[in-house]
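Please consult the structure shown here before reading on.

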Amino acid sequence: MASQGTENGEFSFPKTPTKGRNGLPKIQTRGGKKEDDQICHDDSVPPVKAQTIDELHSLQKKRSVPNTPIKGETQPAFNAISEEGRQKQQLESISASLASLTRETGPKVVRGDPDRKTETPRAQVTHQHRHVHAPTLSTSDSALKFTHILYNLSPAELYEQAIKYEKGSFITSSGALATLSGAKTGRSPRDKRVVRDETTEDELWWGKGSPNIEMDEHTFLVNRERAVDYLCSLDKVYVNDQFLNWDPVHRIKVRIVSARAYHSLFMHNMCIRPTAEELEEFGTPDFTIYNAGMFPCNRYTHYMTSSTSIDLNLGRREMVILGTQYAGEMKKGLFGVMHYLMPKRQILSLHSGCNMGKAGDVALFFGLSGTGKTTLSTDHNRYLIGDDEHCWSENGVSNIEGGCYAKCIDLSKEKEPDIFNAIKFGTVMENVVFDEHTREVDYSDKSVTENTRAAYPIEYIPNAKIPCVGPHPKNVILLACDAFGVLPPVSKLNLAQTMYHFISGYTALVAGTEDGIKEPQATFSACFGAAFIMLHPTNYGSGKRIKLAYTRKIIDAIHSGSLLEAEYTKTEIFGLEIPTAIEGVPSEILDPANTWPDKKAHLDALTKLGGLFKKNFEVFLDYKIGTDNNLAGEILAAGPNF
Ligand SMILES: Nc1ncnc2c1ncn2[C@@H]1O[C@H](COP(=O)(O)OP(=O)(O)OP(=O)(O)O)[C@@H](O)[C@H]1O
Ligand SMILES: O=C([O-])CC(=O)C(=O)O
Ligand SMILES: [Ca+2]
Ligand SMILES: [Mn+2]
């Protein structure tokens with residue numbers, strides 16, 4: 001370290017000719033060789049081994065182990081030829097990913113930051129042409145330029161990129177990276193399109209109630225070309241090669257090509273991060289996202305109803321994002337892919353949080369966006385398996401992701417300590433407001449959006465269970481944030497009721513066909529997600545959301561098994577069994593009838609909600625469940641009765 005002389009803990013200043021003039025005592029250094037030496041030399045450390053400032057800077061960074069080292073003990077960690085070969089392979093693969101389908105050729109790609117050529121020894125020009133036999137004249141200007149690839153950068157590198165190049169990127173007081181997602185601060189489900197081809201025609205759920213809005217293959221290719229041309233026109237793009245699903249047998253390799261460091265860091269946090277060895281064997285991805293979110297789609301293109309389009313092509317294993325920078329589109333886009341792939345393998349994909357007690361008891365938390373999957377699965381007394389997306393197979397449960405995505409509006413250290421503490425270096429914070437000087441985040445500020453979010457790697461939660469897998473669940477918790485205020489805080493469901501409420505929209509539709517191909521699942525409940533309820537919640541219930549502290553007590557009673565031993569009464573209309581007492585929870589709130597001063601208003605609201613459930617369920621009545629027709633009847637009977 002080359003700092004000011006610090007020998008013996010004393011600082012020394014060079015003497016000035018004006019010594020003594022202002023009465024300051026002469027400063028003596030102990031290290032002075034000669035008594036009569038008039039100058040204090042700072043010779044306590046050897047001089048830096050550089051002749052120029054550039055040389056000095058080149059000393060600062062030591063060459064890191066390549067992120068694709070050679071396997072096998074006999075090989076040294078650094079092998080110039082093989083490393084070059086590996087990089088070439090990676091670049092070839094990336095060039096193929098970014099290929100224009102009409103020009104049938106990938107761009108010239110080169111690894112490294114274009115602005116750091118001189119200081120980055122890794123930025124060797126290793127471009128290649130895919131068609132060496134092609135005529136020497138390039139067909140377009142785009143084929144003449146290089147696209148720099150920033151491949152699987154580290155969080156520190158991505159911070160630097162974001163802060164340098166992306167307006168609205170700042171380091172918060174706790175070390176997180178604050179970013180802005182632009183005009184879109186949430187997902188745009190109505191701008192999502194799925195390619196309807198011969199295969200998906202039969203396999204996917206189309207029509208009323210389905211979240212899948214169709215597009216044709218040609219239109220997809222038009223949008224793909226638009227995204228790819230945009231990305232290739234940039235000086236540099238970020239490429240993440242990562243995994244989904246902690247179950248090694250059903251792991252999926254994903255590649256994310258994006259234009260922003262924010263997107264790259266978000267996916268770094270949210271997907272499973274490969275080890276150096278795993279990256280070496282990565283090869284061709286199973287699925288690729290082209291995120292050209294800063295660039296809009298063309299509204300003259302067929303099927304486009306806005307300048308935003310999120311397009312999924314299962315046949316091509318590709319997704320294209322145009323006109324939205326909200327990072328959740330990538331996360332939930334990949335979730336859609338898993339919802340397609342996993343049920344085909346007889347694996348249930350679930351929009352749920354998951355944790356495990358010390359005794360190995362696993363609990364699943366189902367719920368729509370914002371109902372508390374992340375909040376309640378992050379429990380200091382239990383191991384966190386995952387907060388949002390899981391697979392349930394014959395072998396048990398596995399998390400699909402490598403990170404968590406927490407809502408952070410009104411976040412407090414007292415109520416959600418583990419999430420609060422996970423917001424540190426490496427964490428991406430979206431659309432939060434902070435003090436311009438101290439950089440302290442004001443979690444109560446909704447100036448940008450109410451949907452402020454934090455994305456962090458799961459190991460930022462101290463009791464995360466790595467690898468994120470567990471045995472079969474013991475408890476299944478369906479979370480609801482009931483805008484009517486008529487559903488009880490907790491009730492015990494029998495099997496048919498569980499199925500009824502699950503299908504009704506507490507995340508998913510799971511209707512199998514006879515040949516075993518499962519339908520894809522809806523993310524939103526037609527009932528609780530319906531615009532009607534969202535627009536008029538104040539017209540109904542008079543209550544408030546259950547206090548988080550009480551919800552935690554209820555969840556504790558479920559985990560411990562004590563809730564099973566409680567006494568129950570049955571509610572009207574829904575026939576839900578509600579406990580009469582839970583430790584730590586005021587008994588009067590357990591039955592919502594008590595919290596309504598006007599009994600008639602309560603019954604009206606309850607009946608109204610029951611009607612909505614019935615109407616919502618109509619769309620499922622035609623579906624056969626397996627070969628057993630009685631099952632559908634039983635499930636229906638478990639719904640509201642009036
Ligand atoms: N009783 C409660 N139970 C759960 N969460 C509550 C409760 N009261 C308030 N909250 C707040 O509701 C929000 C739940 O957000 P959370 O991120 O857990 O949702 P989520 O189900 O994981 O949704 P998403 O799938 O969109 O990520 C948090 O901000 C939490 O503080
Ligand atoms: O994707 C998002 O914006 C957040 C999320 O998990 C959800 O909505 O279920
Ligand atoms: Ca969440
Ligand atoms: Mn979610």
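This is a predicted model: local features need pLDDT of at least 70, side-chain atom pairs count only at pLDDT 80 or more; totals for chains, interfaces and linings use all residues.

For Lys-332, the corresponding separation between a side-chain N or O atom and an oxygen atom of ligand 2 is 2.7 Å. His-351 also takes part: an N or O atom of its side chain is 3.2 Å from an oxygen atom of ligand 2. On its own, ligand 2 exposes 260 Å², of which the protein buries 95%.

## The shell around ligand 2

The residues that surround ligand 2 are Arg-187, Tyr-326, Gly-328, Lys-331, Lys-332, His-351, Ser-369, Asp-388, Tyr-405 and Arg-453.

## The calcium site

Thr-374, through OG1, and Tyr-405, through O, coordinate the calcium ion (ligand 3) at 2.2 to 2.4 Å. Thr-374 belongs to helix H9 (residues 373-377) and Tyr-405 to strand S18 (residues 403-407), so the pair ties together parts that are 31 residues apart in sequence. A distance of 5.4 Å separates the calcium ion (ligand 3) from the manganese ion (ligand 4).

Are the two coordinating residues, Thr-374 and Tyr-405, buried or exposed? Residues under 20% relative accessible area count as buried. Thr-374 has 10% relative accessibility and therefore counts as buried. Tyr-405, at 5% relative accessibility, is likewise counted as buried.

Technical notes: Residues are numbered from 1 along each chain as its sequence is written. Chains are lettered from A and ligands numbered from 1 in the order in which they are written. Side-chain values use heavy atoms; hydrogens and water are left out. Donors are N, O and S atoms within 2.8 Å of the metal (3.2 Å for Na, K and Ca); water is not among the atoms, so sites may look incomplete. Helices (H or I, at least four residues) and strands (E, at least two) are DSSP runs, numbered from the N terminus. Buried means under 20% relative accessible area, exposed over 50%, partly exposed in between (1.4 Å probe, protein chains only). A residue is near a molecule or strand if one of its heavy atoms lies within 4 Å of it. A polar contact is a pair of N or O atoms within 3.5 Å; within protein, one must be able to donate a hydrogen and the other to accept it, and residues adjacent in sequence count only if both atoms are side-chain atoms. Accessible areas come from the Shrake-Rupley method with a 1.4 Å probe; for residues, only the protein chains shown count as cover.
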